[in-house]
Amino acid sequence: GDYDPAGAWIAFDGDTAVAYADAFIDKTRREFGKNDGFVMLDVVHSSRGRGIEREMLEMVFAYMKGRGVDTAQGWAEAKDDWKVGALLAAGFAEGRRFYLMKRVGGGRGEVPKYPQDIDLQSVMVNRDSEDAITMIVNARNETFADHFNFSPATVERWKAEGLPEPAANA
């Protein structure tokens with residue numbers, strides 16, 4: 001992946017870790033022309049509101065700027081007033097709202113009816129599955145091209161990040 005531990009910080013109060021921040025700069029997004037990075041920030045409850053949030057964000061911004069990144073994105077759940085406030089105070093503006101939904105129990109749900117010319121197949125994919133990976137990546141890119149914040153996936157990245165090695169006896 002593109003994670004660089006040089007872009008991550010932990011704040012301590014004595015021997016106790018009280019905050020964490022990092023900057024994630026995605027190489028694929030940069031190659032696609034998006035000059036942005038992602039900010040993560042967490043501060044333990046008892047240490048919030050003492051300026052740690054701002055200090056941590058300033059380190060993240062300096063790291064990003066040093067790598068030529070001029071736009072930062074940060075996530076905050078609506079319930080995390082402290083984080084929303086810290087990001088707003090640091091110059092962020094709301095860019096998107098979304099719902100995280102879950103379904104508990106209840107079986108399979110309604111089985112969809114597909115047109116006759118649609119054939120669903122289950123295919124085992126590993127790093128040697130070049131044709132299958134290419135089809136998946138192309139379908140993902142076409143499906144998400146108009147979505148907020150899109151940058152295309154690549155076959156190389158899919159192969160490098162998490163696909164299993166081919167079976168020894170395959």
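The largest pocket is lined by 22 residues, and W75, A76, R96, R97 and F98 lie nearest its centre. A pocket here is an open set of points on a 1 Å grid over the protein atoms alone, where a 1.4 Å probe fits, with protein on both sides within 12 Å along at least five of seven lines; lining residues have an atom within 4 Å of a point. The model is predicted: local features need pLDDT of at least 70 and side-chain atom pairs count only at pLDDT 80 or more, while totals for chains, interfaces and linings use all residues. Residues are numbered from 1 along each chain as its sequence is written, and side-chain values use heavy atoms, with hydrogens and water left out.

Strand 4 (71-74) and helix 3 (81-89) are the elements that give two or more residues to the lining of the largest pocket. Helices (H or I, at least four residues) and strands (E, at least two) are DSSP runs, numbered from the N terminus. W75 itself lies in the loop between strand 4 and helix 3.

In the second largest pocket, 17 residues form the lining, and D26, R29, R140, S151 and P152 are the closest to its centre. Helix 1 (27-31), helix 4 (130-144) and helix 5 (155-160) each give two or more residues to this lining. Ala, Val, Leu, Ile, Met, Phe, Trp, Tyr, Cys and Pro count as nonpolar, Asp, Glu, Lys and Arg as charged, and the others, Gly among them, as polar.

| Pocket | Volume | Lining by class |
|---|---|---|
| Largest pocket | about 960 Å³ | 14 nonpolar, four polar, four charged residues |
| Second largest pocket | about 310 Å³ | eight nonpolar, four polar, five charged residues |

Side-chain pairs also link separate elements. Six salt bridges are counted, each a side-chain nitrogen of Lys or Arg within 4 Å of a carboxyl oxygen of Asp or Glu. One of them joins D13 and R50, with the closest N and O atoms 3.6 Å apart. Because D13 lies in strand 1 and R50 in the loop between strand 3 (36-43) and helix 2, this pair ties together parts that are 37 residues apart in sequence.

Methods
Grid points are joined across faces, edges and corners, and a volume is the space filled by probe spheres set on the points.
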